[in-house]
Amino acid sequence: MTEHSAGPPDAYVEAEIQRLLTEDPDVAEQGITVVHRETGLVLTGEVESPQRRAEILRRVAERFPDEAITSDIGVIRTQAPVQVEELP
Amino acid sequence: MIRIAAVGDVHLDADVLGRFRPALEELPDCADVLLLAGDLTRHGTESEARCVAEEFGGLGVPVVTVLGNHDHQCDQVPQVVKVLEDAGITVLEGTGTVLDCPGGRLGVAGVKGFGGGFAGRCASDFGEPEMKSFVRTSNESAAALGEALRGLDCDLLVALTHYAPVPDTLAGEPLEIYPFLGSYQLGQAIDSAPTALALHGHAHAGSERGVTPGGVRVRNVAHPVIKQAYSVFHLGGDQID
């Protein structure tokens, strides 16, 4: 298992962030993937608004202030469908 | 032919209000009904339910929903249900409804469902009280869905759940969390009736298409999966014997 400096093992950091994002009532997101790389934390997934993405990044930065954070969290599109699925 | 629009996991709160509405305004032109597959809110509060009512109420087509696990978070289910029903949204939990559509009578039976896992890799009603309670919740939920499905008199039958009835539509999710995403008992309930289509949400990283062991088509309509305001399905409207 890779460890970064004197910090906790990657798996525990990832687990703590995933639980933080789910259990913190200001976030309540279960669909964010967290990976702890040598370059820092990488967050991926999709949320329903830009405000939620910003809050996720704020919470993680607050908890792990010494980690660089890379975000690839998208906001899910809400356009009307252009095609239907035919189910005979 | 009956036209069904569906989406799940919209997780509404004030910050999302209005995002779906432009697409929803088009619904009467392209669908006879809108089905919502649970997780309408972030935490299941009454105020979030009012956001759902504002966004998904008064659409010009009937709206039928089940609740999801997020809608249970704050233990305000009765208040949430009342807000939704006051807005004209039908909330199913082990119950069904029949809608008169231009293409025939559409029966929708719904339940939130629960986890437990899939055949051969599932939790069992055995051991600690907590485990037995978990599995019995899955069993009771599926039994209620099956009873509701078999009790509907309609031309076309659709099952609506939050949790997944098959593993097919979980492809993309980590295998380790499949038991928290659905149960085979839901699929068994769906197969116990002449169901034409099963819709669910919950699995944000899953995939769209699957089929039950009995041959019923399954679609995961979680918003992060379909990546549009809703999906539309055209069903043939074959008569149910």
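**Reading chain B**

Author: Chain B contains seven helices and eleven strands, where helices (H or I, at least four residues) and strands (E, at least two) are DSSP runs numbered from the N terminus. This is a predicted model, in which local features need pLDDT of at least 70, side-chain atom pairs count only at pLDDT 80 or more, and totals for chains, interfaces and linings use all residues. Residues are numbered from 1 along each chain as its sequence is written, chains are lettered from A and ligands numbered from 1 in the order in which they are written, and side-chain values use heavy atoms, with hydrogens and water left out.

Reader: How are two packed helices described?

Author: Two packed helices are described by the angle between their axes and the distance between the axes. Here, α5 (residues 129-150) and α6 (residues 184-191) of chain B pack at about 15°, with axes 8 Å apart; axes are lines fitted to C-alpha atoms over the stretch in contact, and angles run from 0 to 180 degrees between N-to-C directions.

Reader: Are α5(B) and α6(B) roughly parallel or roughly antiparallel?

Author: They are therefore roughly parallel (under 35 degrees; over 145 is roughly antiparallel, 65 to 115 roughly perpendicular, the rest oblique).

Reader: Which residues meet?

Author: From α5(B), S138(B), N139(B), A142(B), L145(B), G146(B) and L149(B) meet Q185(B), L186(B), A189(B) and I190(B) of α6(B), contact meaning heavy atoms within 4.5 Å.

Reader: What span does the C-alpha trace of chain B have along its principal axes?

Author: The trace spans about 50 × 45 × 30 Å.
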